[in-house]
Amino acid sequence: MTERPRRIVVALTGATGATYGVQLLKRLHATPGIESHLIISDAATLTLHQELGLQRRDVEALAHVVHRNRDIGASIASGSYQVDGMVVAPCSMKTLAAVAHGFSDNLVTRAADVILKERRRLVLMVRETPFNLAHLRNMTSVTEMGGIIFPPLPSFYHRPATIADMVEHTVDRVVDLLGIENSHAARWGGMKAEQNDVAG
């Protein structure tokens, strides 16, 4: 038997931060043995154009398989279709709420529901600030169901020089969460060297 590729679903919704989903798709496309499945919501189409100047077809070209958000009969809508993980990047508060309450009214939320019920890895890159109590409760609910809430907050210990550096570092962390081999990531080695420099 031929071993199947690792299937990762990437969903883009209407929150700001479309670049995270695009960069993740690029990374997955360049990784051998990965089959990416893409869903783009209508609101995400607007955000892609507003933030990155991209059309839907530009982003669809980065995925191995493309699904329409209204196609609730798609392969990834069934738990019998083997998928290894799903990332919603970015994840709007509307999508978060739907996932938290099992409201599977489109393919993004249905696919996420399937991932949770099959006990697979779900990562929601939620984008909003500040959070209100409904947002926080919905994040708690998804966490209690086994999902991972991953707000794409920038880190600075790796001394990013550009916005692209920040985005790439965040994507590295998400790829790690999916359990995909990731030689691209810079690994933290501790502060000993810098402490010695200060002491000297």
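**Surface patch, pockets and salt bridges**

Author: This model is predicted. On its surface, Phe131, Leu133 and Leu136 form a nonpolar patch, with about 260 Å² of accessible area together.

Reader: What makes Leu136 partly exposed?

Author: Its relative accessible area is 40%. Leu136 lies in helix H6, residues 133-144.

Reader: Which residues line the second largest pocket?

Author: Phe131, already named in the patch, is one of them. The others include Tyr20, Arg127, Glu128 and Pro152. The pocket has a volume of about 170 Å³. Its lining divides into seven nonpolar, one polar and two charged residues.

Reader: And the largest pocket: what is its volume?

Author: About 310 Å³. It is lined by 19 residues, and Ser41, Asp42, Asn69, Lys94 and Asn106 lie nearest its centre. Helices H2, H4 and H5 each give two or more residues to the lining. H4 gives the largest share, three residues. By type, the lining has five nonpolar, eight polar and six charged residues.

Reader: Met93 is in helix H4. Why is Met93 called buried?

Author: Its relative accessibility is 13%. Buried means under 20%. So Met93 counts as buried.

Reader: How do you know that Arg70 and Asp42 form a salt bridge?

Author: Their side chains meet at 2.9 Å, N to O. The cut-off is within 4 Å. So the pair qualifies as a salt bridge. Arg70 lies in the loop between strands E3 and E4 and Asp42 in helix H2, so the pair ties together parts that are 28 residues apart in sequence.

Reader: Are these two partners buried or exposed?

Author: Arg70 has 68% relative accessibility, so Arg70 counts as exposed. The cut-off for exposed is over 50%. Asp42, with 45%, is partly exposed.

Reader: What makes Glu35 and Arg7 a salt bridge?

Author: Their side chains are 3.1 Å apart, N to O.

Reader: Why does the pair Arg110 and Asp113 count as a salt bridge?

Author: The closest N and O atoms are 3.4 Å apart. This falls within 4 Å, so the pair counts. Both residues lie in helix H5, three residues apart, about one turn of the helix. Arg110 is partly exposed at 25%, and Asp113 is partly exposed at 23%.

Reader: How many salt bridges does the structure hold?

Author: Nine. Arg27, Glu168 and Asp172 are linked in a network of salt bridges.

Key. Residues numbered from 1 in each chain as written. Predicted model: local features only at pLDDT ≥ 70, side-chain atom pairs only at ≥ 80, totals over all residues. Heavy atoms only, no water. Patch = residues over 30% accessible without salt bridge, like charges linked within 9 Å, V, L, I, M, F, W, Y side chains within 5 Å. Areas by Shrake-Rupley, 256 points an atom, 1.4 Å probe, with all protein chains shown as cover. Helix = DSSP H or I, 4+ residues; strand = E, 2+ residues; numbered from the N terminus. Buried < 20%, exposed > 50% of the residue type's maximum accessible area, 1.4 Å probe, protein only. 1 Å grid on protein atoms, 1.4 Å probe; cavity = no way out; pocket = protein on both sides within 12 Å on 5 of 7 lines; lining within 4 Å. Points joined across faces, edges and corners; volume = space filled by probe spheres on them. Nonpolar A, V, L, I, M, F, W, Y, C, P; charged D, E, K, R; others polar.
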